[in-house]
Amino acid sequence: MYESEPGALAEHLGRLCREHRIEVTTAESCTGGGIAAAITEVAGSSAYFTTGYVTYADTAKTRLLGVKPALLDAHGAVSRDVVQAMVEGACRDSGAQLAVAVSGVAGPGGGSDAKPVGTVWLAWGNLSHQQVECFHFSGSRQAVREQAVHQALAGLILWIETMAE
C-alpha cells in the first residue's frame, strides 16, 4: 500500500485530516495503542485526533465500544464482524468521522489453525460504511504489531484520498 515509515504516514494523515476537516479515532486491540501513538507523534494532532480506544479485553470492547457479547462469542475477537463493530462503536462514542479498528494475534502464542499468529483484521470507516481486510503478518510480536500500525495508517490515508476524489 504505502512504503513510508509510520512517522511519515502519520504526517501525511494529519495533512489530509486538516485539509478535509476530518476527525479520526482508533479502536485498538493487538496494537495496544500503537496507532494512536503514531498519530499523536505529530505536533498539532489534537486538531483531528481527540479520542482513542485501547480495548485489549473483550469486556472493554463491549463496555467502551458497544460490541455485543454474542458477536464476540460467535466470531471471536479476531474477526471481520468484530472490527466492523469496533469502528462503528468508536465513531458513535467519539463523534469522529473516521475510525480504524484492529484485532489480531500478535504472538508468540495464542494462535490456532483457524487464526494463526500474525492474523490481523483491520477495518476503516464510519457509522454507515466500513472496509475490512485480513492480513497475515510474519515475524516477532513486535514485527506483527508494527506491520499492523503501518497498514492502519496507510488505510486511513487511502480512505480519505478515495473520499476526496
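Colleague: What share of the 165 residues in the protein chain is buried?

Modeller: Buried residues make up 50% of the 165. Buried means under 20% relative accessible area, exposed over 50%, partly exposed in between (1.4 Å probe, protein chains only). Note that this is a predicted model: local features need pLDDT of at least 70, side-chain atom pairs count only at pLDDT 80 or more, and totals for chains, interfaces and linings use all residues. Residues are numbered from 1 along each chain as its sequence is written, and side-chain values use heavy atoms, with hydrogens and water left out.

Colleague: Fine. How many helices and strands?

Modeller: Six helices and five strands. These are DSSP runs numbered from the N terminus: helices are H or I, at least four residues, and strands are E, at least two. The order along the sequence is α-β-α-β-α-α-α-β-β-β-α.

Colleague: Which residues have the most contacts inside the largest nonpolar core?

Modeller: L13, I35, I39, V120, L122, L153 and L156, in a core of 33 residues. A nonpolar core here is a set of buried Ala, Val, Leu, Ile, Met, Phe, Trp, Tyr and Cys residues joined through side-chain atoms within 4.5 Å.

Colleague: Which elements give two or more residues to this core?

Modeller: Helix 1 (6–20), helix 2 (34–40), strand 3 (98–104), strand 4 (119–125) and helix 6 (141–164). Helix 6 gives the most, with nine residues. Apart from this core lies another, of 20 residues, including A27, Y53, L65 and A99.

Colleague: Back to L122. What does L122 touch?

Modeller: Leaving out residues up to four places away in sequence, L122 touches V83, V100, A101, V102, Q131, V132, E133, F135, A148, Q151 and A152. Contact means heavy atoms within 4.5 Å.

Colleague: New topic. Where does A96 lie?

Modeller: In the loop between helix 5 (80–94) and strand 3.

Colleague: Is A96 buried or exposed?

Modeller: A96 is buried, at 7% relative accessible area. A96 touches E23, V24, T25 and C91, again not counting residues up to four places away in sequence. A96 and T51 are 45 residues apart in sequence, and their C-alpha atoms are 8.4 Å apart.

Colleague: Last one. How many positive and negative side chains?

Modeller: 11 positive and 17 negative, and the centres of the two sets lie 6 Å apart. Lys and Arg count as positive, Asp and Glu as negative; His and the chain ends are not counted. The charge is placed at NZ of Lys, CZ of Arg, CG of Asp or CD of Glu.
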